[in-house]
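Open the model in your viewer and keep the selection tool at hand. Each stop below gives a selection and says what is there.

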Amino acid sequence: MAHSKHTTKWLISGPPLLYLLIFFAIPSLIMAFAAFRFPGDYGGLMPLVSTSDAGASTWLINQNNWREFLTLENFLRFVEDKVYVELFIKSFWYAGLTTLVCLVMAYPLAWLIARSARKTRDLLVLLVILPFWSNFLIRVYAWMIILGPQSYFSSTLNKVLAVFGIEPVSLLFSQFAVIVGLVYVHLPFMVLPLYANLEKHDMTLLDAAQDLGANAWQRFWKVTWPLSLPGVWAGVALVFIPALGMFAIPDLLGGTNSMMVGNLIKQQFLDSRDWPFGSVLSIMLTLTVLLLAAIASWAGSRHKKKGKK
Amino acid sequence: MKKLLLALPVAAALMVSGCGKENAAPKTASAPQAASAPKASADVLHIYNWNNYIAPETVKRFEESCKCKVVQDYYGAMEEMLAKLSAGAKGYDIIVPTGFAIQPLVKQNLVQPLDLSKLTNVKNLDAGFMNSAFDQGNKYSLPYAFTTTLVGYNDAKLKELKLDPTSWSIIFDPAILAKIKGKVTVLDDSRELFAAALMYNGFSANSTKPEELAKAKETILKAKPFWAAFNTQSYIKELTLGNIWVAHGYSNDMFQANQDAKAANRPFGIGYSLQKEGNTLSVDNMMIMKTAPRPDLAYKFINFMLDGKNSSELTNMIGSGNPNKAAAEFVQADIKKIAAVFPDAEAQKKLTQLGSLEGAQLRELNKLWTQVKTAKK
C-alpha cells in the first residue's frame with residue numbers, strides 16, 4: 001500500500017519536475033555560466049572546445065589559461081554605466097503601474113462576476129478569456145489603430161481637449177500607449193485569480209459584519225479585502241512579472257523613450273549578438289525580482305507576528 | 001503569505017524561461033529538418049529568406065521546373081538570421097544574407113563554396129555587383145537583389161512645408177524637424193541609424209572611430225525629441241495612412257508604401273529619394289548552407305533565379321534593386337526610372353555597403369545604442 005502510494009506520488013509529480021529541470025533549471029545554469037564567458041567573434045559565445053574537421057574535439061580551456069575564457073567584465077559593464085540600472089528602475093515602474101491599474105480595474109469586475117447568477121457568471125468568465133482566442137500581436141496591432149491619430153478615439157479626444165484650449169495630444173508611440181497595451185494584455189491574469197478567490201467567500205460573514213454595525217466600507221476593508229489577499233498576491237505576481245519582461249509592446253506601441261529591460265535583453269541576444277551581457281541582464285532581473293519577493297514576504301511575516309501579539 | 005513566497009519564484013521561473021526563449025528559439029529552426037528528415041527522398045528545397053522576398057509566381061514556376069516543393073522560412077533582420085544559424089539551426093538549403101553577414105557565415109563554416117561552372121546564368125549579373133569586398137571572386141555568394149536605405153516621405157506634406165528630402169538633415173536637423181515634430185520615424189536599427197548620422201556629419205558610414213561615433217550620437221540625441229518612434233515594424237502602414245510624414249527606411253518598403261497609398265486613393269503619394277551625403281546599400285546574396293540537405297536543388301534554384309525574367313519578377317513585385325542585366329528588359333518602365341531603385345553610375349559612387357563589426361566594435365556600438373535609446377529628451 002505504502003509502496004503504491006509512493007509510486008503514485010512520483011508519477012504525478014515526476015513529469016512537472018522533469019519539465020522544470022529540463023526547461024528551467026538547466027537553461028538557467030547555462031545562462032548563469034554564459035554570463036561569465038566572452039562573446040564569440042560572430043555572436044554566440046567564445047568556444048571552450050575546438051572541433052576539428054574530422055570531428056575530434058579538444059578543450060581550449062585549462063587551469064593555466066582560464067582567465068582568457070572566463071571573466072567578470074560582463075557584470076562590471078552592468079554597473080559601470082548607469083543607463084542599465086536606470087532602465088531597470090523604469091521597467092519596474094512600468095510594471096508596477098500596470099499591476100496597480102490592473103488591480104484597480106480587475107477587483108470590481110471580479111467581484112461582479114463572483115456575485116452574479118451562476119449562468120451569467122460562466123458567460124462573464126468566458127468573456128474575460130475571449131481575447132485569448134485571437135493572437136496577442138493582432139490585438140496589439142488593433143490598439144495601434146485605436147490610438148492612431150486618425151482614429152475616432154483620438155480625434156474625439158483631441159476635439160474635447162481643443163474645447164478647453166489644450167494642444168492636441170498624440171496617443172500612439174508614447175509611454176501612455178505602452179501602459180495601455182500592458183494593462184490590456186495582462187488584465188485577464190488579474191481578473192481570474194481574484195475571481196477564483198472572491199467566489200469562495202462566505203457571504204454570511206458580510207451579513208454578520210453588517211449585523212454588528214459595520215458600514216459598507218468597513219465590511220470591504222475588514223472582511224472581504226483581507227480574505228481576498230491570496231488572490232490579490234497571485235494576480236500581482238501573474239501581472240507584474242510578465243509585464244516586467246515584456247518587449248513586444250514597447251516595440252510596437254512605444255515612442256522614442258519607451259524602452260524596457262525586455263527590449264534591452266532582446267537587443268543583446270538578437271541585434272548585438274552579445275549573449276554574455278544578455279545573460280547578465282537576465283540574471284540581474286531574476287535576482288531583483290527574487291529579492292523583492294523576499295522583502296515582501298519578510299515584511300508580510302513581520303506584519304503577521306505583530307497581528308498575533 | 002506563504003502563497004506569495006510560492007507564487008513569486010514560480011512566476012519568476014516563468015519569466016526567466018520567457019527571456020531564455022530568445023536563446024532557445026533557434027532550436028525550433030531545426031523543425032524543417034526534423035520534418036523533412038523522415039522523407040528525405042521527397043524533393044524539397046528549404047529556403048531561409050527575408051519575408052516577402054520572392055514572387056509567388058516565381059516559386060510556382062520553379063516548383064514546376066524542378067518537380068520539387070519549396071518550403072520557405074523567413075527572417076525580419078539579418079542579426080536574427082545570424083543568431084539563429086550561429087546557434088546551430090540546420091535544414092536550410094538556400095539562405096539570402098546581406099553583404100556584411102557573408103564573412104561571419106564563411107568564418108563560422110556554415111556555408112559551402114559555390115561551383116560557378118554549374119551556374120550558366122552567372123553571365124547575366126552586372127559586373128558592378130560582383131567581386132564585392134565581402135566575397136572576393138564570389139567564392140560563396142551571388143547577388144540576388146538590393147535595397148538602399150533612405151528617406152521616404154509624404155510628397156504632398158513636404159511640398160506644402162517646402163522641405164527638401166534629399167539631405168539627411170530632414171531627419172537630423174532640429175531646425176527642420178521643428179516643422180515636422182512627431183511625424184518622423186527612424187529605423188530601430190543601430191547600424192543603419194548610426195550610418196545615416198555618420199554620413200550626415202561627413203564621415204564614412206562604416207566608421208568605428210570613437211570621436212566620429214560620439215559626434216553621430218550627439219546628432220541623434222539632438223534629433224530624438226522630434227521623432228515619433230524608432231520603427232522598423234510599421235512605418236509602411238503609418239506612411240500610407242498619413243500618420244507619419246517622413247520615415248527613415250528601406251527603398252523596397254517605400255515602394256510598397258507608395259503602391260498602398262495609390263491603391264487606397266490617398267490624396268498624397270510616398271516619394272523617396274537618395275540623400276546627397278550618401279546612403280547605405282544592402283546587397284542580398286544567395287548562398288548554400290554547408291549542411292544543405294539538397295545542394296543539387298539549391299544549384300538549380302540559384303541558376304533559375306539568375307535568369308533575367310525570373311529575377312525581374314521580384315523587382316516588379318516589391319521594387320527591389322536588381323543586379324541582373326538580363327532582368328532590365330522585363331522590369332516595368334515606371335520602376336526602371338526610379339533613381340532610388342536603380343541608381344545611376346554617379347549615384348552608385350555614394351552608396352556604401354555596411355561592413356561586419358567584430359567583438360569590441362559591436363559592443364561599443366551596442367552601448368552607444370542603449371544610451372541613445374534610453375536617453376531622456
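This is a predicted model: local features need pLDDT of at least 70, side-chain atom pairs count only at pLDDT 80 or more; totals for chains, interfaces and linings use all residues.

Start with chain A, coloured by secondary structure. Chain A has 12 helices and 2 strands. Read from the N terminus, its elements go α-β-β-α-α-α-α-α-α-α-α-α-α-α. The radius of gyration is 25 Å, well over the 19 Å that the globule rule gives for 309 residues, so chain A is more spread out than a compact globule. Of its 309 residues, 44% count as buried.

Next, select residues 88–296 of chain A. An unreviewed UniProt entry annotates this span as "domain: ABC transmembrane type-1". The span is 79% helix and 0% strand. Its end C-alpha atoms lie 19 Å apart.

Stay in chain A and pick A:C102. A:C102 is buried, with a relative accessible area of 0%.

Move on to the rings. Over all chains, the structure holds 27 aromatic pairs. A:F92 lies in helix α3 (residues 82–115) of chain A, and A:F240 in helix α9 (residues 216–245) of chain A, so the pair ties together parts that are 148 residues apart in sequence. Is A:F92 buried or exposed? A:F92 is buried, at a relative accessible area of 16%. A:F240 is buried as well, at 14%.

Switch to chain B for another pair. B:Y53 and B:Y144 form a tilted aromatic pair, 5.4 Å centre to centre with 55° between the planes. This pair links distant parts of the chain, 91 residues apart. B:Y53 sits in the loop between β1 (44–50) and α3 (56–66) of chain B, and B:Y144 in strand β5 (residues 142–154) of chain B. Both B:Y53 and B:Y144 are buried.

Then select a group of rings together: B:F172, B:F194, B:Y200, B:W227, B:F230 and B:W369. Ring pairs link these six names, from B:F172 to B:W369, into a cluster.

Which ring does the charged end of A:R115 sit over? Select A:W111 with A:R115 to see. The charged end of A:R115 is over the ring of A:W111, 4.8 Å from its centre. For a lysine case, select B:K118 and B:Y299. Here the charged end of B:K118 sits over the ring of B:Y299, 4.4 Å from its centre.

Finish with the sulfur atoms. How many disulfides does the structure hold over all chains? The count is 1. Select B:C66 and B:C68, which this disulfide joins with an S to S distance of 1.9 Å. The torsion about the S-S bond of B:C66 and B:C68 is about -75°, so the disulfide is left-handed. B:C66 and B:C68 are both buried.

How values were computed: Residues are numbered from 1 along each chain as its sequence is written. Chains are lettered from A and ligands numbered from 1 in the order in which they are written. Side-chain values use heavy atoms; hydrogens and water are left out. UniProt positions are given in the numbering used here, feature names are shortened, and annotations may be inferred rather than shown by experiment. Helices (H or I, at least four residues) and strands (E, at least two) are DSSP runs, numbered from the N terminus. A disulfide is a pair of cysteine sulfur atoms within 2.5 Å. Buried means under 20% relative accessible area, exposed over 50%, partly exposed in between (1.4 Å probe, protein chains only). Rings of Phe, Tyr and Trp (its six-membered ring) pair if their centres lie within 6.5 Å; planes under 30 degrees apart count as stacked, over 60 as edge-to-face and the rest as tilted. A charge sits over a ring if NZ of Lys or CZ of Arg is within 6 Å of the ring centre and within 35 degrees of the ring normal. The radius of gyration is taken over C-alpha atoms; the globule rule is 2.2 Å times the number of residues to the power 0.38.
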